[in-house]
Amino acid sequence: MNESDSAAPQGSAKKSRITPKRVGWIALNVVLPAWEVSSWSRHAGRNVSRLWQRLREVTAGRGAGDYRPAGWSQAVADSGLSPARLARNLRVSRWIWWGLMWLTGLPVVGFLLMLIAAGSSIGGTGWLRVGCVMLVLMLLAATGFVQALVTSFRLWQLTEKRVSASEKGSFHDFLQETRWCRQVLSGGLL
């Protein structure tokens, strides 16, 4: 081995040079994420503040400008639709929410059974992925259930011709007088 071979590795050590290309690359790596974070926080901040305002309005109770009809006939007249048309619209809406509830709820049960059957053969990331999908589907099913419950309540108010508290047409009255869970799960068939 000659001296030139042994000197080459020591002399070939690159000095860290700052080139315009490297400066541009660093600037992009700093500016773009900062820009995206600021854009995200600006949009999310607006939405969070709107959500917070809605939550305060809902939890504060009813305000002075809230709609409270004196009776069933006033509520139907204010809707601008006939009772038959209102009933049809509510039934269609209930079926849509009922379908969402079952179309997203049944796969959750299937995924759960498949996970139990697979047992330990699924890795941690598999459990996490399926768990996230199941969580989203359960939230959609819960949304469908709640909306179908609300629609069933409104349909009950329409058929019973009771809207105000004096007519015993409140949600509490609906829950006590009907089999609400069976009604929602069956789509009004039972």
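The questions and answers below go through a predicted model of one protein chain.

Visitor: How many helices and how many strands are there in the protein?
Guide: The model is predicted, and its elements run α-α-α-α-α-α-α from the N terminus on. The count for the protein is 7 helices and 0 strands.

Visitor: What percentage of contacts between residues at least 6 apart in sequence join residues at least 24 apart?
Guide: A contact here is a pair of residues with heavy atoms within 4.5 Å. Taking contacts between residues at least 6 apart in sequence, the share that joins residues at least 24 apart is 60%.

Visitor: What percentage of the 190 residues is buried?
Guide: A residue is buried when its relative accessible area is under 20%. Of the 190 residues in the protein, the buried ones make up 21%.

Visitor: Is Leu-86 buried or exposed?
Guide: Leu-86 is found in helix α4, residues 83-118. The cut-off for a buried residue is under 20% relative accessible area. Leu-86 has 18% relative accessibility, so it counts as buried.

Visitor: Is the aromatic pair of Phe-153 and Trp-156 stacked or tilted?
Guide: The structure holds 7 aromatic pairs. In the pair of Phe-153 and Trp-156, the rings are 6.3 Å apart centre to centre, with 25 degrees between the planes. Planes under 30 degrees apart count as stacked, so the pair of Phe-153 and Trp-156 is stacked.

Visitor: Why are Phe-153 and Trp-156 separated by about one helical turn?
Guide: Phe-153 and Trp-156 are both buried. They lie in helix α5, residues 124-160. Because they are 3 residues apart in that helix, their separation is about one helical turn.

Visitor: What is the relative accessibility of Phe-174?
Guide: Trp-156 counts as buried because its relative accessibility is 7%. Phe-174 also counts as buried, at a relative accessibility of 0%.

Visitor: Which residues form one aromatic cluster?
Guide: Phe-153 pairs with Trp-156, and Trp-156 pairs with Phe-174. The cluster consists of Phe-153, Trp-156, Phe-171 and Phe-174.

Visitor: Where does the charged end of Lys-161 sit?
Guide: Lys-161 lies in the loop between α5 and α6 and has a positive phi of about 60 degrees although it is not a glycine. Lys-168 is found in the loop between α5 and α6, and its phi is also positive, near 60 degrees. At 5.1 Å from the ring centre, the charged end of Lys-161 sits over the ring of Trp-72.

Visitor: How many nonpolar residues are in the lining of the largest pocket?
Guide: The largest pocket holds about 530 Å³ of space. Of its 20 lining residues, the closest to the centre are Pro-69, Ala-75, Arg-154, Gln-157 and Val-163. Helices α3 (72-79), α4 and α5 each supply at least two residues of the lining. Beside 5 polar and 3 charged residues, the number of nonpolar residues in the lining is 12.

Note on methods: Residues numbered from 1 in each chain as written. Predicted model: local features only at pLDDT ≥ 70, side-chain atom pairs only at ≥ 80, totals over all residues. Heavy atoms only, no water. Phe/Tyr/Trp six-rings, centres within 6.5 Å; stacked < 30°, edge-to-face > 60°. Helix = DSSP H or I, 4+ residues; strand = E, 2+ residues; numbered from the N terminus. Buried < 20%, exposed > 50% of the residue type's maximum accessible area, 1.4 Å probe, protein only. Lys NZ or Arg CZ within 6 Å of the ring centre and 35° of its normal. 1 Å grid on protein atoms, 1.4 Å probe; cavity = no way out; pocket = protein on both sides within 12 Å on 5 of 7 lines; lining within 4 Å. Points joined across faces, edges and corners; volume = space filled by probe spheres on them. Nonpolar A, V, L, I, M, F, W, Y, C, P; charged D, E, K, R; others polar.
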